[in-house]
Amino acid sequence: KKEAIKKMIYRLATEKDISKLSELRWIHECEEKKYPEKCRDDFLKQCNEFLLNGLNTKTWVYWIAEENSILVANVFVCVIRKVPKPQMYFDYIGYVTNVHTLKQYRNKGIGTELLSYVKDWALEKNLELLFVWPSEKAVPFYERAGFLEHNDVMELML
């Protein structure tokens with residue numbers, strides 16, 4: 001496990017990473033459900049636009065793990081500004097989503113290490129908290145990273 005982590009570069013994505021992030025998103029989505037290949041180009045175009053807009057508006061940050069210039073894992077964080085309070089005009093929370101590691105790199109500690117970079121970044125940026133809506137199978141991963149399941153969130157599915 002340690003050897004795999006040593007080779008990895010963990011960093012924030014830049015504009016030059018957008019198309020690779022969209023490719024990883026396609027791979028991630030196709031693991032759960034098979035989409036026709038004919039949808040791929042349109043999906044990548046839309047995803048590229050979404051990711052680039054998020055980067056340019058600073059509403060999204062994308063953390064990546066890469067080895068030899070190959071993106072092997074990512075974590076997306078939507079930075080949400082909270083409504084101002086008299087004691088705090090600028091307060092932010094982070095929505096963690098699209099946490100994904102390529103199959104051949106899983107169970108080597110890469111996702112855990114990448115998430116630790118995300119947590120350090122969130123502390124540095126003074127985010128109040130990070131939250132995630134994990135799949136059932138991902139709950140232990142987030143618990144190991146310190147996420148707790150005492151949920152005050154209520155949902156209204158539309």
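Modeller: A pocket is an open set of points, on a 1 Å grid over the protein atoms alone, where a 1.4 Å probe fits, with protein on both sides within 12 Å along at least five of seven lines. The model is predicted: local features need pLDDT of at least 70 and side-chain atom pairs pLDDT 80 or more, while totals for chains, interfaces and linings use all residues. Residues are numbered from 1 along each chain as its sequence is written, and side-chain values use heavy atoms, without hydrogens and water.

Colleague: What volume does the second largest pocket have?

Modeller: Volume is the space filled by probe spheres set on the points, which are joined across faces, edges and corners. For the largest pocket this comes to about 930 Å³. For the second largest pocket the volume is about 610 Å³.

Colleague: Which element gives the most to the lining of the second largest pocket?

Modeller: Lining residues have an atom within 4 Å of a point; this pocket has 18, and Phe131, Val132, Leu148, His150 and Asn151 are closest to its centre. Elements are DSSP runs numbered from the N terminus (helices, H or I, at least four residues; strands, E, at least two). Strand E5 (130-131) and H5 each supply at least two lining residues. The most, three residues, come from H5.

Colleague: And which element gives the most to the lining of the largest pocket?

Modeller: Of its 31 lining residues, Val99, His100, Lys137, Ala138 and Phe141 are closest to the centre. H2, strand E4 (92-101), helix H4 (110-124) and helix H5 (139-144) each supply at least two. With seven residues, the most comes from E4.
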